[in-house]
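Work through the exercises below with the model open. Each task is followed by its solution in steps.

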Amino acid sequence: MPAPIRLRELIRTIRTARTQAEEREMIQKECAAIRSSFREEDNTYRCRNVAKLLYMHMLGYPAHFGQLECLKLIASQKFTDKRIGYLGAMLLLDERQDVHLLMTNCIKNDLNHSTQYVQGLALCTLGCMGSSEMCRDLAGEVEKLLKTSNSYLRKKAALCAVHVIRKVPELMEMFLPATKNLLNEKNHGVLHTSVVLLTEMCERSPDMLAHFRKVRILRLLRILGRNDDDSSEAMNDILAQVATNTETSKNVGNAILYETVLTIMDIKSESGLRVLAINILGRFLLNNDKNIRYVALTSLLKTVQTDHNAVQRHRSTIVDCLKDLDVSIKRRAMELSFALVNGNNIRGMMKELLYFLDSCEPEFKADCASGIFLAAEKYAPSKRWHIDTIMRVLTTAGSYVRDDAVPNLIQLITNSVEMHAYTVQRLYKAILGDYSQQPLVQVAAWCIGEYGDLLVSGQCEEEEPIQVTEDEVLDILESVLISNMSTSVTRGYALTAIMKLSTRFTCTVNRIKKVVSIYGSSIDVELQQRAVEYNALFKKYDHMRSALLERMPVMEKVTTNGPTEIVQTNGETEPAPLETKPPPSGPQPTSQANDLLDLLGGNDITPVIPTAPTSKPASAGGELLDLLGDINLTGAPAAAPAPASVPQISQPPFLLDGLSSQPLFNDIATGIPSITAYSKNGLKIEFTFERSNTNPSVTVITIQASNSTELDMTDFVFQAAVPKTFQLQLLSPSSSIVPAFNTGTITQVIKVLNPQKQQLRMRIKLTYNHKGSAMQDLAEVNNFPPQSWQ
Amino acid sequence: MRSRGSRPLPQGSRPRNRGAGACWPREAARSRVSKTLCPPPALSGAAACGESGVWEGIVSRSESGCPASGCRPALSEAGLRWESQMRFMLLFSRQGKLRLQKWYLATSDKERKKMVRELMQVVLARKPKMCSFLEWRDLKVVYKRYASLYFCCAIEGQDNELITLELIHRYVELLDKYFGSVCELDIIFNFEKAYFILDEFLMGGDVQDTSKKSVLKAIEQADLLQEEDESPRSVLEEMGLA
């Protein structure tokens with residue numbers, strides 16, 4: 001059999017391969033040769049073959065069939081064989097392999113070998129991949145070598161002992177006597193490895209601490225100082241010395257300083273020392289070396305919570321790091337900057353962060369924008385500043401903000417009643433000629449729709465008044481509708497805004513009608529649906545249009561960004577908009593409830609079904625539906641009556657689904673018993689109750705209507721009215737047919753706002769067709785369980 | 001300083017062997033790792049000049065073997081621990097070819113491959129201006145590029161990144177001294193030597209010796225032992241062939 005090719009020859013050949021396939025072919029060929037050589041138990045070339053196998057293994061090819069050969073090499077007498085054998089063992093075997101048992105014996109022999117390099121190989125292998133069984137079996141030999149006079153072996157034995165202790169901690173006892181002398185070592189290598197060993201031991205055993213109090217070693221100090229006041233105090237001086245005396249012109253010096261800082265942070269240091277440490281990090285920030293700046297920022301981030309004031313002193317340096325070229329440093333600097341924002345520096349910091357937002361790479365924008373939103377919400381010095389800031393974000397990084405930014409801003413604007421005129425002007429100016437930032441355009445469209453009258457009247461004290469005509473406003477909304485940069489959602493906002501303006505503008509109603517009817521044939525289903533609904537509103541139900549398009553009430557704060565106490569602790573935001581206050585259009589809902597009561601009193605000319613939310617014009621796109629779903633405070637528009645036929649026939653089911661899937665209430669029934677509100681002629685209506693936990697004065701009632709007769713009840717309409725002190729919102733029913741034989745139910749959700757916690761009373765009116773005749777009934781429900789209103 | 005001639009190269013001399021035939025990353029592989037080794041600008045800023053720039057204060061003193069506590073090397077004096085637990089060290093080329101892998105924690109072959117592939121992608125995607133550290137999975141990764149080769153260490157949360165960078169640099173210095181102006185091809189063709197040096201320098205992720213001299217001496221001696229093995233056999237071989 002010819003001698004197999006040499007390792008270097010093989011490497012060179014493999015490197016000539018031009019494609020992956022060619023390389024694979026070469027390697028398969030060689031592997032076959034190596035396998036057959038292994039089978040023939042060839043001793044001469046085993047070493048060469050294993051070495052070649054290791055090369056192929058590095059290229060990613062399987063080499064497990066060489067595992068046993070490695071063991072054979074280790075058992076060989078030749079040093080070359082052992083060297084490659086041990087190397088192969090470290091690379092090819094991992095801990096779980098059974099071959100380990102066989103290896104233990106070889107290693108044991110080699111640990112007692114006469115040549116230190118063979119002993120070294122054995123120690124190194126044991127210290128690298130020794131399993132716990134191996135460690136147990138060989139710990140004795142390692143301990144012996146730890147006491148030898150040969151420093152080459154002693155340093156290796158110390159590190160090997162570290163591995164043994166990591167694997168089998170209870171073996172630590174065995175090494176204790178040997179460590180006594182290790183600290184008096186003169187040889188640097190041994191001294192260093194001994195420190196590693198002692199550190200490992202101390203980390204594992206708190207009992208050992210007493211022995212090593214005097215050791216002047218930083219890492220050791222750090223572990224010793226954890227949770228130990230006495231030793232921490234003793235170390236303060238030493239650390240202060242190291243911190244002030246270390247040469248920092250070289251990286252090693254900085255590495256030592258860094259370790260010192262970590263130590264100071266870790267032990268219970270006195271505050272002066274901690275400030276010193278933070279100042280070291282502050283100096284690091286000015287270093288030319290980006291790596292040092294990076295570790296400084298990382299460490300400051302870790303400590304900013306505990307040593308806030310000390311870190312605050314380096315604020316300007318940290319903010320300067322926002323301009324760094326390195327993105328990793330920029331990111332840290334950004335995180336740290338946000339951590340440093342507080343009520344006192346908010347204006348200055350936001351200026352820097354907004355500038356950063358403007359100039360930074362796209363990957364930062366989303367995080368930076370939401371960071372700014374959060375900080376602004378927490379520390380805004382005034383509402384106007386808050387609105388300005390959010391608007392700045394939307395104009396500079398509009399397309400990067402997260403989805404919830406739009407409803408959040410709308411909510412903020414709605415709740416700042418005195419800012420409406422100002423805001424709508426600013427937004428109008430912002431979108432003049434630039435519709436590219438979708439979230440901005442959406443907010444602007446919403447506000448223009450809502451406050452268009454304020455815009456046209458030009459009443460604004462803070463801004464210099466602008467002259468805008470109604471047509472100009474409509475022009476801009478129409479161009480948003482047309483623009484190919486607008487998304488479907490944005491168009492929905494624009495169309496709804498135009499619709500709302502029909503009640504706010506005086507002389508452009510015809511133009512609005514035209515626009516709305518054009519979009520009745522839009523290919524965008526969502527838009528078309530809206531347009532058709534609005535069109536119907538113009539044509540059939542024009543008398544209700546103004547009530548439906550009423551201004552939105554103040555919205556209740558939805559706590560999405562953590563618990564409310566965050567807001568309270570700052571004391572800088574006015575709590576007013578966050579609390580539930582009666583909407584500005586206060587009298588409205590009660591008067592409508594009155595109307596309804598009147599209606600119920602016998603005046604039944606208009607068939608009324610309170611399916612208002614779905615046909616409500618404000619529902620432009622999913623976002624707004626979400627918004628509505630989140631309103632716990634029932635305002636007038638929601639309860640406003642709307643025609644029964646329109647929603648039930650023309651509403652595609654998905655819209656209803658979208659609504660009924662809203663999280664209307666946050667807690668599942670907390671044990672409020674349900675009642676039977678009505679039971680007559682086979683029709684039974686049950687009420688189940690839930691109390692909202694965001695607003696305790698809201699009771700959510702789910703009605704279930706079932707039919708025990710043998711025929712379906714069709715065109716079923718449920719209506720309800722409550723006394724003036726309550727407010728009521730009826731959501732749309734699940735269907736209008738109550739199937740016969742109790743085979744199904746209609747469910748409908750009623751929300752009752754009961755701010756004075758009075759006893760609940762309700763009048764209900766039922767109309768349906770049964771057995772070919774129209775049925776109608778009135779009833780009063782007085783048996784509400786006390787838990788449902790108290 | 002060792003000269004090329006005196007270096008033991010038992011399995012055929014490296015300079016003759018390397019570089020023959022076409023190969024993909026040949027040009028890159030030839031460039032001297034030590035080119036970037038001499039001035040490590042990121043390491044020491046202004047202080048870096050000459051081969052021992054960074055190490056002057058430490059290495060020369062420790063190599064002088066002065067045992068008195070007064071002139072201990074700076075690192076030992078401060079008692080700085082090199083690592084708490086290094087997880088692994090990788091060497092790979094700019095083309096994403098693995099050149100060396102050392103694992104200090106038992107990891108299955110499959111997992112190793114996955115981690116190597118993933119980490120290579122992350123590191124190779126970094127721009128030159130970026131700093132040498134990154135957080136990856138639950139580890140901190142410290143990497144540095146020397147010519148066409150990336151040296152990459154994964155360490156744990158408590159570890160000192162700066163010192164890991166020094167450690168990488170020292171390993172490169174060791175390779176450079178051993179091979180004499182080392183380049184990627186040296187490491188490809190003599191990968192086992194690179195492993196031997198690493199194992200003599202680090203064990204379980206901890207530094208065994210702060211002195212370059214003693215590491216290289218041990219390697220040299222072991223190489224000599226290997227030569228003793230080989231020489232009688234090669235005579236026999238020749239006779240057999242004759």
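**Exercise 1.** State how many helices and strands chain B has.

Solution. Apply the assignment rule: helices (H or I, at least four residues) and strands (E, at least two) are DSSP runs, numbered from the N terminus. For chain B this gives 11 helices and seven strands.

The model is predicted; local features need pLDDT of at least 70, side-chain atom pairs count only at pLDDT 80 or more, and totals for chains, interfaces and linings use all residues. Residues are numbered from 1 along each chain as its sequence is written, chains are lettered from A and ligands numbered from 1 in written order, and side-chain values use heavy atoms, without hydrogens and water.

**Exercise 2.** Find where the pLDDT of chain B is below 50.

Solution. Start with the mean pLDDT (the predictor's confidence in each residue, from 0 to 100): for chain B it is 70, and 60% of the residues reach 70 or more. Next, residues 1-27 of chain B fall below 50, yet beyond near neighbours in sequence this stretch has 63 contacts (heavy atoms within 4.5 Å) in the model. Residues 38-83 of chain B are also below 50, with 101 such contacts.

**Exercise 3.** Describe the setting of B:D186.

Solution. First, locate B:D186 in helix α9, residues 184-189 of chain B.
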